[in-house]
Amino acid sequence: MGYLDDEVKRLQGILDSIEARVKTLEESQFGGSKPKTAKEIRMILIGPPGAGKGTQAPKIKEKFSCCHLATGDMLRSQVAKKTPLGREAKKIMDQGGLVSDDIVIGMIKEELENNPECKGGFILDGFPRTVPQAASLDAMLRERNQTLQHAVELQIDDSLLVARITGRLVHPASGRSYHSLFNPPKKAMTDDVTGEPLVQRSDDNAEALKKRLATYHQQTAPVVGYYQNTGIWKAIDASQEPGQVWKSLLAIFDGDQKKASSAGGGILSKLTHRS
């Protein structure tokens, strides 16, 4: 037993030495700060109106303590706060123009730098819509020594979306959404949380939706191709129940954790075989 005890102590000493060397390597590589981990999320959600982005994004936000940057909400926020970018955007919108890609990229950058929620990463929703926007986003992130981890597309047949959208009810102040058939409020046309009235958006009708979907597919196909080429694109069947869609998302995030563990194991393996 004495020999076994001595051998256990010797092996423990080797492990302690390896851990110390790994820590030293990490500190030298990352300038003394903690390395980025798979727990920080940087992703975009791609999907047509009604695909479930508004249902899944809050769950991702809660899991990773990150920020959800829906471009429409972000634009309204910047205008309301009268930031320089917000004032510039308002001037363009008041003239009936479209806000430039540079302004939107600037707003995203400002949120990443100044919004405390973005310390845990971010989910982009509604941007990029074109390949030039995707390239500009990548360039801005490179300046911050960051890259996108995931471009997740929620795929669903257009005919299913018509049924989903035409019954959608919205609480304007919070953006909470319900559905008259699939997810009705506890009290008809009333928000469960505040008791305030729900509305049906004017463009949530079959004719308007078909036009929006045609535009979406035309714009999005090249963006999907862009992210397929970068290797970060993944597709999820959004016709499933929301809980199953969430499980599919979790499987993607679990893949990040496995990659991180595998990378750590690689360092240990090299150290243990080093003479």
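Over the ring of which residue does the charged end of K63 sit?

1. The ring is that of F64, with the charged end of K63 5.6 Å from its centre. For Lys, "over" requires NZ within 6 Å of the ring centre and within 35 degrees of the ring normal.

2. This is a predicted model: local features need pLDDT of at least 70, side-chain atom pairs count only at pLDDT 80 or more, and totals for chains, interfaces and linings use all residues. Residues are numbered from 1 along each chain as its sequence is written, and side-chain values use heavy atoms, leaving out hydrogens and water.

3. The whole structure has 2 aromatic pairs (Phe, Tyr or Trp rings, the six-membered one for Trp, with centres within 6.5 Å; planes under 30 degrees apart are stacked, over 60 edge-to-face, the rest tilted). F64 and F253 are edge-to-face, at 4.9 Å centre to centre and 85 degrees between the planes. F64 lies in helix α2 (residues 53-64) and F253 in helix α9 (residues 242-272), so the pair ties together parts 189 residues apart in sequence (helices are DSSP runs of H or I, at least four residues; strands are runs of E, at least two; both are numbered from the N terminus).

4. F64 and F253 are both buried (under 20% relative accessible area; exposed is over 50%, partly exposed in between; 1.4 Å probe, protein chains only). Y227 is also buried, at 1% relative accessibility.

5. In the largest nonpolar core, of 30 residues, L69, I108, L137 and Y227 touch the most other members (a core is a set of buried Ala, Val, Leu, Ile, Met, Phe, Trp, Tyr and Cys joined through side-chain atoms within 4.5 Å). Helix α5 gives the most to this core, 6 residues.
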